[in-house]
Amino acid sequence: MKRQSVFIASLAALLAWAPAQSQEFKFATQNPKGHPLVTGMERFAEIVAARSGGKIKVNLFPGGVLGSDQANVSALQGGTLEMVVLNSGILASQVKEFGIYDFPFMFASPKEADAVVDGPFGKMMHDKLEARGIVGLAYWELGFRDITNSRRPINKVEDIAGLKLRVIPNAINVEWVKALGANPTPLPFPEVYAALDQKAIDGQENPPTVISANKLYEVQKHIVLSNHQYNPQSLIFSKKVWDTLSAADRKLLIDAGVEAGKYQRQVSRDAATTALENLKKNGMQVTELSAAELAKFREAMKPVIAKHSEIVGSETVAALQAELAKLRRQ
């Protein structure tokens with residue numbers, strides 16, 4: 001018995017010192033290699049590999065190769081895909097309050113957006129996802145969105161009327177485009193280039209980095225710097241997988257998400273300037289709306305924001321407005 005006890009104790013000691021089993025996580029996005037979001041993913045994978053001593057490997061799947069955002073979220077909830085980075089507003093299909101991240105003219109600057117999503121409001125929003133099998137790790141960014149089309153330059157709000165524009169597939173995006181007299185066409189992003197090329201749609205709206213990285217200048221002639229929406233990106237993780245991780249690994253992933261996010265945002269902001277120059281170089285005509293035209297744009301959005309404030313919930317809207325008011329007083 002004594003010999004057996006010594007053997008068991010020795011075995012236990014060996015197991016305690018044995019290296020932990022390595023893990024591999026799949027990480028998906030709709031954006032192609034070279035885009036600031038993918039650059040952020042690459043930095044995240046590097047940080048995780050270094051800090052885990054190679055125990056955790058993150059494999060990247062850019063360019064929508066694992067399907068649409070909706071398909072990725074479903075796979076994440078099922079535990080067959082570990083990580084996704086996507087427009088926070090898309091998560092409104094899971095938690096209605098996330099529709100607030102698609103409100104037009106919500107943030108006045110990137111700095112303001114960072115303060116809100118990195119603070120108590122952003123955490124409160126990500127916490128709501130857990131009941132849906134999703135863990136929010138951090139916020140990254142896509143940036144401010146602009147409108148492109150192949151038919152005419154947009155110098156005033158009325159120029160948008162009649163255009164068939166691709167929108168992110170959710171209600172508020174459909175409705176703000178309708179409010180401008182245009183025809184919204186919801187499409188998953190991987191289908192956009194072909195739809196533009198085949199003239200099934202006239203235009204779309206995205207940040208310059210997305211337009212440039214996906215070579216939409218090949219099928220679009222005009223861009224107006226409308227800055228009508230700012231898109232935070234949610235870095236999300238499968239709760240099914242999360243629940244199997246140690247506290248140390250969870251902290252490592254959260255810290256890596258935040259650190260890679262700071263880097264990603266800076267890359268995104270630097271890239272926006274470069275991307276716009278690239279669009280011009282590739283023949284796109286750039287126009288800007290005057291202050292008076294932007295005021296008309298905002299006015300047209302008011303009924304849409306009022307309607308969706310009811311859908312999103314008055315508490316969520318009030319919490320965001322209070323956070324913005326506090327920031328703007330400082």
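Predicted model: local features only at pLDDT ≥ 70, side-chain atom pairs only at ≥ 80, totals over all residues.
Helices (H or I, at least four residues) and strands (E, at least two) are taken as DSSP runs, numbered from the N terminus.

Beyond residues up to four places away in sequence, glutamine 94 touches Val73, Gln77, Arg132 and Ile134. With arginine 132 there is also a polar contact, side chain to side chain, at 3.1 Å. Leucine 324 lies 230 residues from glutamine 94 along the chain. The C-alpha atoms of glutamine 94 and leucine 324 are 25 Å apart.

Salt bridges were counted next. The total is 22. One of them pairs glutamate 259 with arginine 51, with 2.3 Å between the closest N and O atoms. Glutamate 259 belongs to helix 10 (residues 247-281) and arginine 51 to helix 2 (residues 36-51), so this bridge ties together parts 208 residues apart in sequence. Both partners are partly exposed: glutamate 259 has a relative accessibility of 37%, and arginine 51 has 43%.

A further bridge lies within one helix. Lysine 123 and aspartate 127 meet through their side chains at 2.9 Å, N to O. The two residues are four apart in helix 5 (residues 120-127), which means that about one helical turn separates them. Lysine 123 is exposed, at 53% relative accessible area. Aspartate 127 is partly exposed, at 42%.

Helix 10 also takes part in a bridge to a strand. The side chains of arginine 269 and glutamate 141 form a salt bridge of 2.8 Å, N to O. Arginine 269 sits in helix 10 and glutamate 141 in strand 4 (residues 134-149), so the pair ties together parts 128 residues apart in sequence. Arginine 269 is partly exposed, with 24% relative accessibility. Glutamate 141 is buried, with 2%.

This pair does not stand alone. Arg269 and Glu141 belong to a network of salt bridges that also links Asp114, Asp118 and Arg265.

Note on methods: Residues numbered from 1 in each chain as written. Heavy atoms only, no water. Salt bridge = Lys/Arg side-chain N within 4 Å of Asp/Glu carboxyl O. Buried < 20%, exposed > 50% of the residue type's maximum accessible area, 1.4 Å probe, protein only. Contact = heavy atoms within 4.5 Å. Polar contact = N/O pair within 3.5 Å; in protein donor to acceptor, adjacent residues only side chain to side chain.
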